[in-house]
Amino acid sequence: MEYVIIDSSQNGLSAVAGRALRVPEPGVVEAEFAGADGSLVQRRWVEAAVAVRFEQLQPVAAFPVVPGRRWGPGWWWSATTAGHVMHGSQAMCTQLMLLDRDPQVVGLSARPVRLIWRDPGSGRVLTWVPQVFARYSDGGALLADCPASEEPAGDRAARAAAVLESACAAVGFTYRRLVPPERVFGANVRWLAGYRHPRYRGAGGLEQAVLEAFAAPRPLMAGAAAAGEVLSALPVLYHALWSGRLSADLSRPLGEHTVVWTGEAAAGAEREQQES
């Protein structure tokens with residue numbers, strides 16, 4: 001049995017010559033991942049997705065080092081996991097940063113699984129290693145790739161995306177190509193990420209004073225001054241904005257006049273903005 005997915009050019013996927021994409025039944029897709037001893041294990045995807053904690057695995061494939069490229073592999077320290085997650089590009093690092101801020105995300109890993117299938121058209125064995133795995137608090141999960149631009153995916157990536165979308169949907173997961181965030185929003189979150197470590201939450205014993213200072217919406221710097229000594233209050237304030245205990249409009253440049261308020265965490269809404 002085969003599935004046929006009509007490419008609608010959504011989520012950054014390109015139409016492949018306007019044709020339907022034939023993808024294998026999810027039950028015949030295989031998953032390859034690193035076992036506890038470091039050796040590679042291969043199981044049917046529909047079984048592995050239920051049994052394996054991909055968020056705890058090491059990369060199944062190393063990130064390549066490309067000569068002449070300004071950005072190479074590195075590590076993102078995750079506030080979600082209190083550990084490091086490897087990344088292979090600036091675009092991937094940015095998406096790890098955004099997922100790390102999402103309160104629904106409880107686990108993150110890089111390239112933990114390789115999906116393997118036989119192409120229904122050519123009969124060739126094909127593989128794809130998605131860049132990011134995120135586990136959500138409701139048990140769901142995301143497999144994602146992190147393109148550097150919003151340009152449509154190439155032929156191979158689009159075909160792989162159709163297979164991964166089908167395979168993920170069969171087990172209650174989601175596959176997406178995560179396009180880069182809007183420039184100002186991304187810059188603001190990157191700034192706040194510098195204060196993501198939990199040591200900033202209660203620095204100087206000012207956490208409660210900072211939150212109370214924004215019980216009613218007020219400008220950022222005015223609230224910091226009201227909470228105590230400004231230089232001591234600002235790191236606590238930025239950590240609260242990172243974690244969602246304080247909110248602000250991050251689509252505009254963050255500055256002293258930015259209006260800040262308390263309330264529901266805004267990161268969930270930001271994830272919806274990413275998905276749209």
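A residue counts as buried under 20% relative accessible area, as exposed over 50%, and as partly exposed in between, with a 1.4 Å probe and protein chains only. By that rule Leu 234 is buried, because its relative accessible area is 12%. In the chain of 276 residues, buried residues make up 48%.

This is a predicted model: local features need pLDDT of at least 70, side-chain atom pairs count only at pLDDT 80 or more, and totals for chains, interfaces and linings use all residues. Residues are numbered from 1 along each chain as its sequence is written, and side-chain values use heavy atoms, with hydrogens and water left out.

**Overall make-up**

- The chain has eight helices and 15 strands. Helices (H or I, at least four residues) and strands (E, at least two) are DSSP runs, numbered from the N terminus.
- A contact means heavy atoms within 4.5 Å. Among contacts between residues at least 6 apart in sequence, 59% join residues at least 24 apart.

**Around Leu 234**

- Leu 234 sits in helix α7.
- Its contacts, leaving aside neighbours within four places in sequence, are Leu 220, Met 221 and Ala 224.
- Ala 203 is 31 residues from Leu 234 along the chain, and their C-alpha atoms are separated by 9.8 Å.

- Three strands form an open sheet in the order β13-β15-β14, with antiparallel pairing. Two strands pair if DSSP finds at least two bridges between them.
- β13 (218-219) and β14 (246-248) are the edge strands, each pairing on one side only.
- Helix α7 (residues 230-243) packs on this sheet and touches β14 and β15. The direction of α7 makes about 80° with that of β14. Axes are lines fitted to C-alpha atoms, for helices over the stretch in contact, and angles run from 0 to 180 degrees between N-to-C directions.
- Two antiparallel bridges link β13 with β15 (residues 259-262). Arg 218 has Val 260 in β15 as its bridge partner.

**The β8-β9 hairpin**

- β8 (residues 114-118) pairs with β9 in the antiparallel sense over four bridges. Arg 118 has Val 125 in β9 as its bridge partner.
- Six residues lie between the two strands of this hairpin. In the turn, Gly 123 has a positive phi of about 80°.

**The largest pocket**

- On a 1 Å grid over the protein atoms alone, a pocket is an open set of points where a 1.4 Å probe fits, with protein on both sides within 12 Å along at least five of seven lines; lining residues have an atom within 4 Å of a point.
- The largest pocket holds about 660 Å³ of space. Grid points are joined across faces, edges and corners, and a volume is the space filled by probe spheres set on the points.
- Its lining has 27 residues, with Ser 89, Gln 131, Cys 146, Pro 147 and Ala 148 nearest the centre.
- α2 (90-101), α3 (155-170) and α4 (183-193) each supply at least two lining residues. The largest share, four residues, comes from α2.

**The second largest pocket**

- The second largest pocket has a volume of about 300 Å³.
- It is lined by 17 residues, and Asp 119, Arg 124, Leu 126, Asp 155 and Arg 159 are the closest to its centre.
- β2 (20-24), β9 (125-128) and α3 each give two or more residues to this lining. α3 gives the most, with five residues.
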